[in-house]
Amino acid sequence: MELFANGKVFIYLILTTIIVGFLWWLGFMHKKAVISKMFSKENYARLISSQLKIRRQIKDFLLLSGIFFLFIALAGLQWG
């Protein structure tokens, strides 16, 4: 009994998740470098609220989990 109807899609899931995660990390590092060149840590902390950081983390988590579950659905999970 196979767990997925389309096994190739599951492989695409793994590859896409790795690529999207890597691109997200590159964007995060680039954003961090630009912010450090433009602002000091004290000024940036005053300009950006802590709630905004939490919202961005939630947004990123939901995006990555949405991509994950999209490929799980495309792979045709067969349970039982």
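1. The buried residues of helix 3 are Ser65, Phe71, Ile72 and Ala75. Buried means under 20% relative accessible area, exposed means over 50%, and partly exposed lies in between (1.4 Å probe, protein chains only). Helices are DSSP runs of H or I with at least four residues, strands are runs of E with at least two, and both are numbered from the N terminus.

2. Ground rules. This is a predicted model, in which local features need pLDDT of at least 70, side-chain atom pairs count only at pLDDT 80 or more, and totals for chains, interfaces and linings use all residues. Residues are numbered from 1 along each chain as its sequence is written, and side-chain values use heavy atoms, with hydrogens and water left out.

3. Confidence. The mean pLDDT of the protein is 83, and 94% of the residues score at least 70. Here pLDDT is the predictor's confidence in each residue, from 0 to 100. Helix 1 has the highest mean among the elements, at 86. Helix 2 (residues 41–47) has the lowest, at 82.

4. Architecture. The protein has three helices and zero strands. Read from the N terminus, the order is α-α-α.

5. Overall shape. The C-alpha trace spans about 60 × 20 × 10 Å along its principal axes. The radius of gyration is 18 Å, whereas a compact globule of 80 residues would have one near 12 Å. That radius is taken over C-alpha atoms, and the globule rule is 2.2 Å times the number of residues to the power 0.38.

6. Burial and surface. Of the 80 residues, 11% count as buried. The accessible surface comes to about 6,800 Å², and carbon and sulfur atoms hold 71% of it. Areas come from the Shrake-Rupley method with a 1.4 Å probe; for residues, only the protein chains shown count as cover.

7. Contacts. Take the contacts with a separation of 6 or more: residues 24 or more positions apart account for 86% of them. A contact means heavy atoms within 4.5 Å.

8. Helix 1. Helix 1 has 32 residues and reaches 47 Å from first C-alpha to last, close to the 46 Å expected at 1.5 Å a residue. The expected span is 1.5 Å times one less than the number of residues. Val9, Leu13 and Ile35 are buried in helix 1. Their cover includes helix 2 and helix 3.

9. Helix 2. Glu42 sits in this helix. Glu42 is exposed, with a relative accessible area of 56%. Glu42 and Trp25 are 17 residues apart in sequence, and their C-alpha atoms are 24 Å apart.

10. Helix 3. Residues 50–75 form this helix of 26 residues. Its reach, first C-alpha to last, is 38 Å, close to the 38 Å expected. Gly76 follows helix 3 with a positive phi, near 70°.

11. Ala73 and Val9 are 64 residues apart along the chain, with a C-alpha separation of 9.4 Å.

12. Aromatic pairs. Rings of Phe, Tyr and Trp (its six-membered ring) pair if their centres lie within 6.5 Å; planes under 30 degrees apart count as stacked, over 60 as edge-to-face and the rest as tilted. By this rule there are four aromatic pairs. One joins Phe68 and Phe69: the ring centres are 5.3 Å apart and the planes meet at 75°, so the pair is edge-to-face. Phe68 is partly exposed, at 34% relative accessibility. Phe69 is exposed, at 55%.
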